[in-house]
Amino acid sequence: MLTDVLFPAELQLRVDGAEMEKNTVNISVASTNVRSICPHCQAISERVHSSYSRHPADLPLVGYTVRLDMAVHRFFCDNSYCQAKTFTERIPAFIQRYARRTDRLATRQQNVAIEAGGAIGQRVLTILDMPVNLR
Ligand SMILES: [Zn+2]
């Protein structure tokens, strides 16, 4: 139920819990994807190598900033012609590779920045629980 409210079903994410820490809610999320496409050769893999955590910021929730503790998979690539032996799972509709914030948060922050500009946009985003660092 909570997962359905927070994340579109197509993302295949499961909420495992949440903890409060001052003005932040840390939401533990795990990918339930059982297969992924190798970004190097486009082969489909269903063989999980390991899991690792990402910690992106996400949209605020009832006055709290949100940080995800997101468990995603590393898969084996079994294509013998591929240079990659393993690859990390991508969730392209939600977060980009190496990103420290979700796409939906980045879009909101960019929209405010475009409308309000640098310093004013930063203050507005802080009020809206989506703080940014301009440095
Ligand atoms: Zn591959």
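Q: Which residues does I91 touch, leaving aside those up to four places away in sequence?
A: I91 touches L11, L13, M70 and V72. Contact here means heavy atoms within 4.5 Å. This is a predicted model: local features need pLDDT of at least 70, side-chain atom pairs count only at pLDDT 80 or more, and totals for chains, interfaces and linings use all residues. Residues are numbered from 1 along each chain as its sequence is written, and side-chain values use heavy atoms, with hydrogens and water left out.

Q: Why is I91 called buried?
A: Buried means under 20% relative accessible area, exposed over 50%, and partly exposed in between (1.4 Å probe, protein chains only). I91 has 7%, so it counts as buried. I91 is found in the loop between β8 (86-88) and α2 (103-116). Helices (H or I, at least four residues) and strands (E, at least two) are DSSP runs, numbered from the N terminus.

Q: What makes a set of residues a nonpolar core?
A: The members must be buried Ala, Val, Leu, Ile, Met, Phe, Trp, Tyr or Cys, joined through side-chain atoms within 4.5 Å. The largest such core has 15 residues. F7, I27, L68, M70, I91 and F94 have the most contacts inside it. β1 (13-21), β2 (24-31) and β7 (64-76) each supply at least two residues of this core. β7 gives the most, with four. Another core, of seven residues, lies apart from it; L59, L105, V112 and M130 are among them.

Q: What makes the zinc arrangement tetrahedral?
A: Donors are N, O and S atoms within 2.8 Å of the metal (3.2 Å for Na, K and Ca); water is not among the atoms, so sites may look incomplete. The SG atoms of C38, C41, C77 and C82 coordinate the zinc ion at 2.3 to 2.4 Å. Four donors count as tetrahedral if all angles lie between 85 and 135 degrees. Four count as square planar and six as octahedral if opposite donors are over 155 degrees apart and all others between 65 and 115; anything else is irregular. The angles here are 101 to 114 degrees, so the arrangement is tetrahedral. Along the chain, the donors follow the spacing C-x2-C-x35-C-x4-C.

Q: What makes the pair of D58 and R104 a polar contact?
A: A polar contact is a pair of N or O atoms within 3.5 Å. Within protein, one must be able to donate a hydrogen and the other to accept it, and residues adjacent in sequence count only if both atoms are side-chain atoms. The side chains of D58 and R104 make such a contact at 2.6 Å. D58 sits in strand β6 (residues 57-61). At 5% relative accessibility, D58 is buried.

Q: Why do β6 and β7 count as paired?
A: Two strands pair if DSSP finds at least two bridges between them. β6 and β7 have three, in the antiparallel sense, so they pair. L61 stands opposite Y64 in β7. The hairpin has two residues between the strands, and V62 takes a positive phi near 35 degrees.

Q: Why is K22 called exposed?
A: K22 has 81% relative accessibility, so it counts as exposed. K22 lies in the loop between β1 and β2. Its phi is near 55 degrees, a positive value in a residue other than glycine.
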